[in-house]
Structure formats: structure tokens, C-alpha cells
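Thanks for coming. I have one structure to go through today, and I will keep it short.

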Amino acid sequence: MQSLFAKTHITLEMIKWEHSIFALPFALTAALLAAGGLPAWRTLGWILLAMVSARSSAMAFNRWADAELDAANPRTMNRAIPAGQLSKDFALGFTAITALAFVVAAAELNKLTLLLSPAVLLVLLGYSYMKRVTRWSHLVLGLALGLAPAAAWIAVRGSLDVRILVLTGAVTLWVGGFDVLYACQDCEHDREAGLFSLPQAIGIPAAFWAARILHLCMLGLLVWFGVLFHFSVVGWVGIGVVAALLAYEHSLVSPRDLRRLNSAFFTMNGVIAIVFLCFVAADLWMRG
């Protein structure tokens, strides 16, 4: 039993399950807007399962695909597979099981979500190979999370409204921007290993400016999103708070000091996602 608990803990650490908080609030935001309020509990349950299983599959596959790269990187050499705590076969099997769970959840939602589920998996799993071929892998990761609000809208409505793609674009730029910052940690290793990233290609100071531009564009898309969905004062205040939190996130790190990067990357981004959801939910409640 102790061995089972230990392996479960290691598996959850491998997939960083707690980081599901990044995309999930944006998916719930889209679900609330699609339903004009709270969707059916059954729909919410299947959306939650689809989100968690899809992300778990992507993370496990990433650990499988990057096992040798992680072993050669001092920052990641203690991850579960390089450290010998889990095998590559286990990670691949976990990927298959969670991918199947995602497809089942998609099938339970509606026909369109089922039809689109292979394309979603292609983006989620394909990201793991992007840094081998392009410096813009950060935006592919962004798209992997940015699909969440569009998918949640389809889950509720059974069709796609092009307005929700603005939120997809915003999340894509948001995630892409903070992934650029996160990749600054591995700039030298990426150069030595022949991997691609924006910091590796243009240097850390320029990468910081690229991340700032991406996040400014993200805020522009959120403003457009607010116009499209007729936000009230509450919604606009929410966008303002997100802007302030992003500014604070950028103040935590600099090209010369990356020590608080984990705080900026993990804690603040979780807060930003939850804050946006809460303000949009309050906006809907005030108007309803």
C-alpha cells in the first residue's frame, strides 16, 4: 500500500496535476458564457474530466518524449523518469489511458467534441517535439492551453462561436509569454543540446521584451473579448486586475535575476486565471 501511495505521488508530481489551474478557469469562463450562467452539472463534470485527462496525457507524453533531454539537463535530471522512479513504459501507458479518458469524456459531451478530440490530442502531444524544430514552440504550448475555452464552449453549445476564439488567442499569448520567461532558465543548455527556444535564439534580455509584447497583446485581446461579450463594469475591472497582476508578475524577475521565476510562473499565473473567472462570473451574475 505504501508503494502504491508513493507511486501515485510520483505520478502526480510527474504530470504536475496542480497546474491544471492554468487553463481550467478559462475553460469554465467559456462554459459560463456559453450557457449564460451555470451549465448543467453533468456537462461541467465531463468538461472537468476532459480537461484534467487531456492535460495529464500531454504532460506524461512530454516526460516520455523528453526523458533523455531531461537526464542531460541539470535542472530536470531529478524528474521521475531520469531519476529512475518511473519507467518510460509506465509514462507511455499512462499517456494512453488518460488520452482514452479524454476521448470518452468528449464522446459524452456531444458529437462535435468527439470529432475534434483527435485534433486536440495532436496539438497537445505534438508540442513535445516542437522545441526540436522551431523557436516558436512557446506559442504551440500556448495553443495547447488556449484550446480550452473554445473546447468548453463547444461542449456546452455543440457548436463554435467565433467570438470565443478571441479568448483562445488571449490564452495562447498569455501562456506563450510566460513560457518564454520560463525557458530563460535553460538558455545555455538549449544551445548546447541543439534545442530551439526564443531565449536561445535572441538572448535573455530580448526574450523578456518578447514576453512583455505577448502579454500586452493578450491584454488587447481581452479588451476585444470584453467588447464582444458586452462586459459590464465588473468585467472591465476584472481585466484591469489581470493587467495589474501581469505587471506584478513581470516585476518579480529580470534578465539578471531569475530567482523568483517559479513564483512568477506558477503562483501568479494560477491567480490570474482564477481572478479572471471570478470577475466574469460576477459580471454574468450582476447582469442576470
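I will cover a surface patch, then a loop residue, then a pair of helices. Please keep in mind that this is a predicted model.

Let me start with the patch. Four residues, Val223, Trp224, Val227 and Trp236, form a nonpolar patch on the surface. Together they have about 380 Å² of accessible area. Which helix gives the most to this patch? That is helix α11, residues 204-228, with 3 residues. Trp224 is one of the patch members, and Trp224 lies in helix α11.

Next, the loop residue. His230 sits in the loop between α11 and α12, the latter being residues 233-251. His230 is not a glycine, yet it has a positive phi of about 55 degrees. Is the residue buried or exposed? His230 counts as exposed, because its relative accessibility is 59% and the cut-off is over 50%.

Last, the helix pair. Two packed helices are described by the angle between their axes and the distance between the axes. Helix α2 covers residues 24-35 and helix α3 covers residues 41-65. They pack at an angle of about 150 degrees, and their axes are 11 Å apart. Angles over 145 degrees count as roughly antiparallel, so α2 is roughly antiparallel to α3. As for handedness, α2 passes α3 in a right-handed crossing.

That is what I had; questions are welcome.

Notes:
Residues are numbered from 1 along each chain as its sequence is written. This is a predicted model: local features need pLDDT of at least 70, side-chain atom pairs count only at pLDDT 80 or more; totals for chains, interfaces and linings use all residues. Side-chain values use heavy atoms; hydrogens and water are left out. Patches are made of residues with over 30% relative accessible area and no salt bridge: like charges are joined within 9 Å, nonpolar side chains (Val, Leu, Ile, Met, Phe, Trp, Tyr) within 5 Å. Accessible areas come from the Shrake-Rupley method with a 1.4 Å probe; for residues, only the protein chains shown count as cover. A salt bridge is a side-chain nitrogen of Lys or Arg within 4 Å of a carboxyl oxygen of Asp or Glu. Helices (H or I, at least four residues) and strands (E, at least two) are DSSP runs, numbered from the N terminus. Axes are lines fitted to C-alpha atoms, for helices over the stretch in contact, and angles run from 0 to 180 degrees between N-to-C directions. Angles under 35 degrees count as roughly parallel, over 145 as roughly antiparallel, 65 to 115 as roughly perpendicular and the rest as oblique. A crossing is left-handed if the near helix is turned anticlockwise from the far one by less than a right angle, and right-handed if clockwise. Buried means under 20% relative accessible area, exposed over 50%, partly exposed in between (1.4 Å probe, protein chains only).
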